[in-house]
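Here are a few notes to go with the model. Have it open while you read, and start with the charged pairs.

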Amino acid sequence: ADLPKGQKLFADNCAACHGDQGKGNRELGAPNLTDGIWLYGADKATIVEAIANGRGSVMPAWAGRLDEPTIKALTVY
């Protein structure tokens, strides 16, 4: 896994909603990514699907903007 790439991707694309530490922002509908509560599942396939396709009109879809290896690096991070 390319963790430095995932970390940069998170900082550039996800931190605005999920926060620098991934703790989330309820006001934006962005969940805490560091706790054990995963509404849709915590397995890699489910996370890849969420990043690629978005969730509930709150989480944007990144497919088409990020390629598959990039989405996987972000998932692992």
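1. Lys72 and Glu68 join side chains in a salt bridge, 3.1 Å from N to O (a Lys or Arg side-chain nitrogen within 4 Å of an Asp or Glu carboxyl oxygen). The two are about one helical turn apart, because they sit 4 residues from each other in helix α3. Lys72 is partly exposed at 43% relative accessible area, while Glu68 is exposed at 51% (buried is under 20%, exposed over 50%, partly exposed in between, with a 1.4 Å probe and protein chains only).

2. A word on ground rules: this is a predicted model, where local features need pLDDT of at least 70 and side-chain atom pairs pLDDT 80 or more, while totals for chains, interfaces and linings use all residues. Numbering runs from 1 along each chain as its sequence is written, and side-chain values use heavy atoms, leaving out hydrogens and water.

3. The salt-bridge count is 3. Asp12 pairs with Lys8, with 2.6 Å between the closest N and O atoms, and both belong to helix α1, 4 residues apart. Lys8 is exposed, at 52%.

4. Glu49 and Arg55 also form a salt bridge, at 3.0 Å from N to O. Glu49 is partly exposed, with 33% relative accessible area.

5. Look at Leu3 too: this residue lies in helix α1, which spans residues 3-18 (helices are DSSP runs of H or I, at least four residues, numbered from the N terminus). Leu3 is partly exposed, at 43% relative accessibility.
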